[in-house]
Amino acid sequence: GLLPEGFQVAWDQFRLPDFVAPVAGIRADADPLELVEHNGKITISGSGMRIAFSRTTGHLESIQYRGAEYLERHPQPNFWRPLTDNDLGWNVPGKMGIWRYEGEQAAMAAFEVLQKNTHRIIVQTEFRLPGTGSAVKTDYEVTANGMITITHHFMPGAEGLPKLPRLGTEFILTPDFNRLTWFGRGPHETYADRKTGAPIHLYHGAVREQYHRYVRPQETGNKTDVRWLALQNDSLTGLLVVGDALLNFSAWPFTVQQLEWTPADRGHRHGNDIREENLVTLNIDHAQMGVGGDNSWGLPVHDEYQIPAKLYSWTYVLKPFRGGIPDMVDQYKRIKADLNRINDEKPSL
């Protein structure tokens, strides 16, 4: 008599064999891409989309679709997270602090534009990380079907570098893109070592609902094992993100600086001090280390949930689109089939 009828005692999920319907790649009648270089800016246009790079900085400066601008600020590599209470307990600032500013201090070392044909253009960039001697190479492949396929290569500068709290990219989007849908674990935040209680499902909600006001501001809102996510505005114009492998992501209506910890902040800032800003921060991560918690005064995150400084490569697709959930699912299937085709065509090592 303590529990109502139908109360869920336990649940589990298991994977069925994949099925992705075969989908053709770029249509033969697709409009060709237009490549223009003017005053140090590279612009690629086609399929209602227009993206721009700076040849001076190497940054992706603009993504527009049907007149809507997506980027508030250029994306940048991201190797740090706002420190959790557990991070402070085992001295992450002392052990991994070398990575804290590497993303924002990254400097362009190479930039090249390759027009393969009228339907495929590749922009290749390389950025050096001054504090560790490491590098990040990023390839942007733009195709006439409106896909931006992004491949990152992380190359450590030396052996024996500290492990990384995070390995990904920070995007700052315009504030209109405040409606979130994702297919992965949820609905609450999950981490590499905190996810078994979160089923894989299709979730949606507002960006402002995706973070928790901890007593002290800190890392929050991460989602694991994500197949795809979409951010949209009220007119259902949006940006779909599809991973070649499983992704982590988080989306906040403020910048990371509101969650950052400094010694001067300790005991003086609280969760209710967080203020929403006129933007959306989107973190797309290959990995983020676990949160630990065997205790909060010295024991580290378990080794299997940490990120060694070694060579990594990962790929995801950005696809501007307009539509509802059925359109997202259809786009996901097409993109995933195209990624599978690309992988099948790669030469074996």
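A: Glu 276 has 37% relative accessibility, so it counts as partly exposed. The cut-offs are these: buried is under 20% relative accessible area, exposed is over 50%, and partly exposed is in between, with a 1.4 Å probe and protein chains only. The model is predicted, so local features need pLDDT of at least 70 and side-chain atom pairs count only at pLDDT 80 or more, while totals for chains, interfaces and linings use all residues. Residues are numbered from 1 along each chain as its sequence is written, and side-chain values use heavy atoms, with hydrogens and water left out.

Now the partner. Glu 276 forms a salt bridge with Arg 208, and their closest N and O atoms are 3.2 Å apart. This pair links distant parts of the chain: Arg 208 sits in the loop between strand 13 (200-206) and strand 14 (223-232), Glu 276 in the loop between strand 15 and strand 16, 68 residues apart. Arg 208 is exposed, at 53% relative accessibility. Elsewhere, salt bridges that share partners join Arg 166, Glu 219 and Asp 285 into one network. A salt bridge here is a side-chain nitrogen of Lys or Arg within 4 Å of a carboxyl oxygen of Asp or Glu. Helices (H or I, at least four residues) and strands (E, at least two) are DSSP runs, numbered from the N terminus.

The whole structure holds 16 salt bridges. One of them joins Asp 303 and Lys 163 at 3.9 Å, N to O. Asp 303 lies in the loop between strand 16 (280-288) and strand 17 (312-322), and Lys 163 in the loop between strand 10 (148-155) and strand 11 (166-173), so the pair ties together parts that are 140 residues apart in sequence. Asp 303 is exposed, with 57% relative accessible area. Lys 163 is partly exposed at 29%.

Arg 81 and Asp 87 form another salt bridge, at 2.8 Å from N to O. Here both ends are covered: Arg 81 is buried at 1% relative accessible area, and Asp 87 is buried at 0%.

Two strands pair if DSSP finds at least two bridges between them. Strand 2 (residues 41-46) meets strand 3 (residues 49-54) over 6 antiparallel bridges. In that pairing, Ile 42 stands opposite Phe 53. Ser 47 is in the loop between strand 2 and strand 3. Its phi is positive, about 55°, although Ser 47 is not a glycine. Ser 47 is partly exposed at 32%.

Strand 3 also joins strand 4 (residues 60-65), antiparallel, through 5 bridges. Ile 63 in strand 4 is the bridge partner of Ile 51. Their hairpin has 5 residues between the strands, and Gly 58 in the turn has a positive phi of about 80°. Strand 4 then joins strand 5 by 2 antiparallel bridges. Gln 64 has Glu 69 in strand 5 as its bridge partner. That hairpin has 2 residues between the strands, and Arg 66 takes a positive phi near 50°.

Leaving aside neighbours within four places in sequence, Ile 51 is in contact (heavy atoms within 4.5 Å) with residues including Ile 42, Leu 60, Ile 63, Val 142 and Ile 148. The largest nonpolar core has 63 residues, and Ile 51, Phe 53 and Trp 99 are among those with the most contacts inside it. Strand 15 (residues 237-252) gives the most to this core, with 5 residues. A second, separate core of 11 residues includes Val 242, Val 317, Met 328 and Leu 339. A core is a set of buried Ala, Val, Leu, Ile, Met, Phe, Trp, Tyr and Cys residues joined through side-chain atoms within 4.5 Å. In soluble globular proteins, nonpolar side chains tend to be buried together.

Finally, some backbone details. A cis peptide bond joins Gly 186 and Pro 187, with omega about 0°. Pro 187 is in the loop between strand 12 (179-185) and strand 13. Asn 91 has a positive phi of about 60° although it is not a glycine. Asn 91 sits in the loop between helix 1 (85-89) and helix 2 (92-96).
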